[in-house]
Amino acid sequence: MKIDSAARARLYALTAIACAIWLVQTCVEANAAGDLFSWSNILFSICLIVVTGYCGVNAVLGWNTKSAPSDQASSK
């Protein structure tokens with residue numbers, strides 16, 4: 001299954017939004033539990049920040065590219 005760049009950009013954006021929400025939820029729950037600065041929470045938060053940034057950058061780059069016309073994409 002091949003998807004065009006606009007659909008890929010939307011998937012990256014959705015993933016970035018979901019990871020950002022997950023990061024906020026994790027930080028709020030860890031703060032309420034009193035272990036916000038434990039090593040496991042710090043490592044998990046860094047991983048979520050990296051994934052959110054990567055997906056956000058790819059979403060922006062995907063929206064800035066032009067999709068190939070359907071006749072050129074089908075000939076490949």
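Reader: How many helices and strands does the chain have?
Author: The model is predicted. From the N terminus on, its elements run α-α-α. The count is therefore set by DSSP runs, and the chain comes to 3 helices and 0 strands.

Reader: What share of the residues of the chain count as buried?
Author: Buried means under 20% relative accessible area. The chain has 76 residues, and the share of them that count as buried is 22%.

Reader: Which residues form a nonpolar patch on the surface?
Author: One of them is Leu11, which has its place in helix 1, residues 5-33. A patch takes residues with over 30% relative accessible area, and Leu11, at 48%, is partly exposed. The patch has about 380 Å² of accessible area together, and its residues are Met1, Ile3 and Leu11.

Reader: Is Cys19 buried or exposed?
Author: The cut-off for buried is under 20% relative accessible area. Cys19 has 9% relative accessibility, so Cys19 counts as buried.

Reader: How many disulfides does the count come to?
Author: A disulfide is a covalent bond between the sulfur atoms of two cysteines. The cut-off is a pair of cysteine sulfur atoms within 2.5 Å. The cysteine sulfur closest to that of Cys19 is in Cys55, 5.8 Å away, which is too far for a bond. Cys55 is in no disulfide, and the count comes to 0 disulfides.

Note on methods:
Residues are numbered from 1 along each chain as its sequence is written. This is a predicted model: local features need pLDDT of at least 70, side-chain atom pairs count only at pLDDT 80 or more; totals for chains, interfaces and linings use all residues. Side-chain values use heavy atoms; hydrogens and water are left out. Patches are made of residues with over 30% relative accessible area and no salt bridge: like charges are joined within 9 Å, nonpolar side chains (Val, Leu, Ile, Met, Phe, Trp, Tyr) within 5 Å. Accessible areas come from the Shrake-Rupley method with a 1.4 Å probe; for residues, only the protein chains shown count as cover. A salt bridge is a side-chain nitrogen of Lys or Arg within 4 Å of a carboxyl oxygen of Asp or Glu. Helices (H or I, at least four residues) and strands (E, at least two) are DSSP runs, numbered from the N terminus. Buried means under 20% relative accessible area, exposed over 50%, partly exposed in between (1.4 Å probe, protein chains only).
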